[in-house]
Amino acid sequence: MTGTSTLSDVIDAAGPWEHRRVAANGARFHVATLGDGPLVLMLHGFPEFWWAWRHQMEPLAAAGWRAAAMDLRGYGGSDKTPRGYDPATFTADVSGVIRSLGERTAVLVGHGWGAYVAWSTAAMRTAHVRALAVLSMPHPLVLRRNMLRGRLIRHLLGSQLPLAPERRLVAGGAARVETILRNWSSPESPFPDHDAAVRYRNAMTLWPAPHCSLEYQRWALRSLPRAAGRRFARRISEPLPISVLSLHGSADRIVPPRLAADSGQHVAGPFRSVLIDGAGHFPHEEASEKVTTELTTWLHHLPTE
């Protein structure tokens, strides 16, 4: 641990929310919930965990929504299974958590690789997804066409070797996690502050979280030439018939902002793409008030079920 807190303190962070463990798809998942109303299920990205949505949970609850932030399989307080980091499994995880929370459908909000999971769930398990908001991640087919370009491919290639990337991620009390958070944020961003850096570093030390967190990225890259990747591409090729909000930092140096707008071609429902001025890859942390305002305004205008 890099600080004096216990891992329980890190994952079960104190706040107005309730911490729950729910069963879904053969595993147990940690979920923080707050409020009453239609369900908004939030999916964090790499290298974070559910706490990434702390800024959005109270405003969403105050606006009449049931805000739920889950730890994806392999992260935080959720089960860290040796397998299950492919679309067939992680989309079943999300739809299962929705049902375990007592709901038939949810609005999904995802960031980074959590947005990759959210896009995939909306495409493969459409009956469970009412609407979709994605941050810092284009539609998987757009990502697939652009994955071998820019800074993202350097990061993805660096994660492909066995064991070495995991060891690098946790060396020195997971100092690499803080480096990623700083380097992927806008140079002008105050994120991460000390508390956030320590909390995310501590969460990543919960072995085998480093291995599990990298498995999402490994599947995405390794599937490109494989039959499994081609099957996935076919399954998600139909334009989504739901409302989609895309939020992307204008200073994101990992996933180019132009890819967010390109995702509109894969949406048959209403599509809104918003650049968050001055934010990098973590707009929900770097410009939390702006992101929260965009989310709550968009949610307010969703059609009732």
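Predicted model: local features only at pLDDT ≥ 70, side-chain atom pairs only at ≥ 80, totals over all residues.
Residues are numbered from 1 along each chain as its sequence is written, and side-chain values use heavy atoms, with hydrogens and water left out.

Let's start with the rings. The structure holds 14 aromatic pairs. Rings of Phe, Tyr and Trp (its six-membered ring) pair if their centres lie within 6.5 Å; planes under 30 degrees apart count as stacked, over 60 as edge-to-face and the rest as tilted. One of the pairs joins W17 and W50, edge-to-face, at 5.2 Å centre to centre with 80° between the planes. This pair ties together distant parts of the chain, 33 residues apart: W17 is in the loop between α1 (7-11) and β1 (18-24), and W50 is in the loop between β3 (39-43) and α2 (54-62). Those labels come from DSSP runs, numbered from the N terminus: helices are H or I with at least four residues, strands are E with at least two.

W50 also pairs with F49: their centres are 6.4 Å apart and their planes at 85°, so this pair is edge-to-face.

Elsewhere, Y75, Y85, F90, W113, Y116, Y216, W219 and F232 make up one aromatic cluster.

Now look at W51. The charged end of R54 sits over its ring, 3.6 Å from the centre, and R199 lies over the face of W51 at 4.7 Å from the ring centre. Such a charge counts if NZ of Lys or CZ of Arg is within 6 Å of the ring centre and within 35 degrees of the ring normal.
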